[in-house]
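I set out these entries to record what I looked up in the fold, entry by entry.

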Amino acid sequence: MRTKLKKYFVLLFAKSLATAFLFAQQKGVKVMREKKKKKTRILFILDCSNTMYGMWQSNTKIKIAQNLLSNIVDTLAGKPGVEMALRAYGHTKDYPPQNCDDTRLEVSFYPNNTEQIKSKLKALVPKGTTPIAYTLEKCVKDFPESDNPRNIIILITDG
C-alpha cells in the first residue's frame, strides 16, 4: 500500500510541477517582456524498464505514465519560449541480463515537437533494467548550449 501511495505522489508531483510551471509562465508575462525572453527547456525522462508492466490501479504503470506525460506535453504545446525533449531508459535491451547503460535521447529539443514526443511515447516498450544514475549523467549533454536558458528535468519512474 505504501509503495502504491508513493508512486501516486510521484505522478501527482510531475503533473503539479507542469501546472505550476504554466501558472508561473502566465503570471510572469510582463516581467519576461521587460527582460530578454528566457528560453525554457524541459527534458522528460521516462522509465521504460520491465517493472513498468506492473499493474497500478486499473492499468499498467507504463500506460499511466505515457498518458500522464502525453497530457503534460499537450498542455505545454505552443507555449512561447518552451522546448521539450524526451529521453527513455530500460527500453532497448532485454532483462536479463542486467544492462546499466540502456538509455537514449528519443526526441531532441526543438520547438513544436509535441507530436513527435507523443508518437515516440506510444512506441516505447518496456524491456530492461533501471539505470537512473547513468541516465541522469547522460542527460546533461541533451541540453543544447544557449545564453541563460532555464533547463528543467522531469523524471517519471516507478523506482
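In which sense do strand S1 and S4 pair, and over how many bridges? I worked from a predicted model. I found that S1 (residues 40–47) and S4 pair in the parallel sense, over eight bridges. I noted two of the partners: isoleucine 42 has methionine 84 of S4 as its bridge partner, and isoleucine 45 has arginine 87.

Entry on the other neighbour of S4. I looked up strand S5 (residues 103–110) and found that S4 and S5 pair in the antiparallel sense, over five bridges. Here tyrosine 89 stands opposite threonine 103 in S5.

Entry on the whole sheet. I recorded an open sheet of four strands, in the order S5-S4-S1-S6, with mixed pairing. S5 and strand S6 (150–156) are the edge strands, each pairing on one side only. I read an average twist of 15° from one strand to the next.

Entry on the burial of S4. I checked how well strand S4 (residues 82–89) is covered, and eight of its eight residues are buried. In a regular strand, side chains alternate between the two faces of the sheet.

I found helix H3 (residues 61–76) lying across S1, S4 and S6, and running at about 170° to S1. Helix H4 (residues 114–123) lies across S1, S4 and S5, and I noted its direction as about 15° to S4.

Entry on the chain as a whole. I counted five helices and six strands in the protein chain, which follows the pattern α-α-β-β-β-α-β-β-α-α-β along the sequence. Of the 159 residues in the chain, 43% are buried. Among contacts with a separation of 6 or more, I noted that 77% link residues 24 or more positions apart. The chain exposes about 9400 Å², and carbon and sulfur atoms supply 54% of that area.

Entry on the cysteines. How many disulfides does the count come to? With sulfur atoms required to lie within 2.5 Å, I recorded zero disulfides. I also looked up the cover of two cysteines. Cysteine 48 is buried, with a relative accessible area of 0%, and cysteine 139 counts as buried at 1% relative accessibility.

Notes:
Residues are numbered from 1 along each chain as its sequence is written. This is a predicted model: local features need pLDDT of at least 70, side-chain atom pairs count only at pLDDT 80 or more; totals for chains, interfaces and linings use all residues. Side-chain values use heavy atoms; hydrogens and water are left out. Buried means under 20% relative accessible area, exposed over 50%, partly exposed in between (1.4 Å probe, protein chains only). Two strands pair if DSSP finds at least two bridges between them. Contact means heavy atoms within 4.5 Å. Accessible areas come from the Shrake-Rupley method with a 1.4 Å probe; for residues, only the protein chains shown count as cover. Axes are lines fitted to C-alpha atoms, for helices over the stretch in contact, and angles run from 0 to 180 degrees between N-to-C directions.
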